[in-house]
Amino acid sequence: MSVVNFIEENNIRGFLADDEGCALHALALSVSGYGPCLEVGSYCGKSTIHIGSACREVGNTLYALDHHRGSEEHQLGEEYHDPELYDKSSECMDSFPQFRKAVSLAELDDTVVPIVSSSSVVLKHWMTPLGMVFIDGGHSPEVALADVMGWSQHIVSGGYMAIHDIFEDPNDGGQGPFIAMMSLFDKGKFEILDKVNSLGILRKR
Ligand code: MG
């Protein structure tokens, strides 16, 4: 079964389009010799399955980082709130149970390493060089910029950074990820390689 069909049949939630997922899968296949992959913003595991299944194929590892408390837009009363992910007892969003179920269902327990924390905390002592990083965490300009700049330093030469929700036109969506991508490009260490739907793909020189 294809990854796209698996996600559809098992109702894995998420905001990643099929063409974006397939592009991430292809990138992850190509970086097997460069180092492990890392994603920021796993939510219920949709991108995790796309990237993770490629990592499993080539014997690589995916670090899946998310505090699982939801972004701003997932909170109670916000546009993308999902009541099924709201933990009434703690009065918090909690996407970790769904995430864990999805990873097991996809048989990725030996490939995906969940990191339940915020990106800034994990960045403090991160040492492992990475072949590819996928950024889909907080979408405010401040948070997107901190994620993109922070993680870009750990990507090996020739490795990739992919950023979700790139909208050049403010009428299409928030500008945080786009601003972060252009700031990284302006630093000169990354070239913009491709754009698939709203997925921006950069390569470290
Ligand atoms: Mg997104």
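Let's start with strand β7 and strand β9, residues 199-204: the two run antiparallel and are joined by 4 bridges. If you want a spot to look at, find A162, whose bridge partner in β9 is I201. Keep in mind as we go that this is a predicted model.

Now, what does β7 pair with in the parallel sense? That is strand β6, residues 130-135, with 5 bridges between the two. Here I135 stands opposite I163 of β7. To get from β6 to β7, the chain passes through helix α6, residues 141-152, and this β-α-β crossover is right-handed.

So is β7 largely enclosed, or open? Of its 9 residues, 155-163, 7 are buried, so the strand is largely enclosed by the rest of the structure.

Let's move to a helix. Helix α2 covers residues 18-30, which makes 13 residues. From first C-alpha to last, α2 reaches 19 Å, close to the 18 Å expected at 1.5 Å a residue. Which residues of α2 are buried? They are E20, G21, A23, L24, H25, L27 and A28.

On to the charged side chains. How many salt bridges does a search of the whole structure find? There are 3.

One of them pairs D82 with R13, with the closest N and O atoms 2.5 Å apart. These two come from distant parts of the chain, 69 residues apart: D82 sits in the loop between β2 and β3, and R13 in the loop between α1 and α2. D82 is buried, at 16% relative accessible area, while R13 is partly exposed at 22%.

R13 also meets E84 in a salt bridge, at 3.1 Å from N to O. E84 is exposed, with a relative accessible area of 62%.

The remaining pair is E168 and K195, where the closest N and O atoms are 3.4 Å apart. E168 lies in the loop between β7 and α7, and K195 in strand β8, so this pair ties together parts 27 residues apart in sequence. Both count as partly exposed, E168 at 49% and K195 at 37%.

And to finish, back to the shared partners: salt bridges join R13, D82 and E84 into one network.

Technical notes. Residues are numbered from 1 along each chain as its sequence is written. This is a predicted model: local features need pLDDT of at least 70, side-chain atom pairs count only at pLDDT 80 or more; totals for chains, interfaces and linings use all residues. Side-chain values use heavy atoms; hydrogens and water are left out. Buried means under 20% relative accessible area, exposed over 50%, partly exposed in between (1.4 Å probe, protein chains only). Two strands pair if DSSP finds at least two bridges between them. A crossover is right-handed if, with the strands pointing away from the viewer, the path from the first strand over the helix to the second runs clockwise. The expected span of a helix is 1.5 Å times one less than its number of residues. A salt bridge is a side-chain nitrogen of Lys or Arg within 4 Å of a carboxyl oxygen of Asp or Glu.
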